[in-house]
Amino acid sequence: MSSNLRLLSITAAIIVALDQATKLYIDQSFRLYESVTVIENLFNITYVRNQGAAFGILSESAYRIPFFITVSLVAAVGILWYLSRLGAEKKLAAFALSLIFAGAVGNLIDRIRLGEVIDFLDVHWHQYHWPAFNVADSAITVGVALLLIDMWREERQQKRSGMSRS
């Protein structure tokens, strides 16, 4: 097994287990829409269910479940394919893709099991709330951010090596 696929396996196992454990805890310990303040005017644990994608997109569509399952599976297969071809020196990109993969799998499990995703992390500034999210969503977001940083660093490095040849 390549080092990138090993990294993916470890990362996915940890993130998916953490994601599913926290969702199970929330589902068993909270009533739907119950909220507990963690940091006044900034952060709550609030149990909600999201039938759509980010920000509830497509939540009313009859095709949402097959669509989201298909998109998640295509993304997962695409990430596996890309990781298997990514050089061993590309550790940050491999880790970023592993986080995205793990997040997609975590939310895919909910969509298959429940037809919707359990969200509970509620960040807000007084009455202005960001849509609730979960560990899987966090992994995807961090993974995308790290991927962008890696791409930016690679572009800068290519520009520097292009300048040194001139």
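The crossing of helices H2 and H3 is left-handed, a term used when the near helix is turned anticlockwise from the far one by less than a right angle. This is a predicted model, in which local features need pLDDT of at least 70 and side-chain atom pairs count only at pLDDT 80 or more, while totals for chains, interfaces and linings use all residues. Residues are numbered from 1 along each chain as its sequence is written, and side-chain values use heavy atoms, with hydrogens and water left out.

The axes of H2 (residues 64-85) and H3 (residues 91-114) come within 9 Å and cross at roughly 155°, and the two helices are therefore roughly antiparallel to each other, the word for angles over 145 degrees. Where they meet (heavy atoms within 4.5 Å), H2 brings residues including Phe 68, Leu 73 and Leu 80 against residues of H3 including Leu 97, Phe 101 and Arg 111. The residues of this contact divide into 16 nonpolar, two polar and one charged.

Turning to open space, the second largest pocket has a volume of about 210 Å³; a pocket is an open set of points on a 1 Å grid, where a 1.4 Å probe fits, with protein on both sides within 12 Å along at least five of seven lines, and lining residues have an atom within 4 Å of a point. H3 and helix H4 (135-165) each supply at least two residues of this lining, and H4 gives the most, with seven residues. Among the lining residues are Lys 90, Lys 91, Asp 150, Trp 152 and Arg 160, and the whole lining divides into two nonpolar, one polar and eight charged residues.

Conventions:
Axes are lines fitted to C-alpha atoms, for helices over the stretch in contact, and angles run from 0 to 180 degrees between N-to-C directions. Helices (H or I, at least four residues) and strands (E, at least two) are DSSP runs, numbered from the N terminus. Angles under 35 degrees count as roughly parallel, over 145 as roughly antiparallel, 65 to 115 as roughly perpendicular and the rest as oblique. Ala, Val, Leu, Ile, Met, Phe, Trp, Tyr, Cys and Pro count as nonpolar, Asp, Glu, Lys and Arg as charged, and the others, Gly among them, as polar. Grid points are joined across faces, edges and corners, and a volume is the space filled by probe spheres set on the points.
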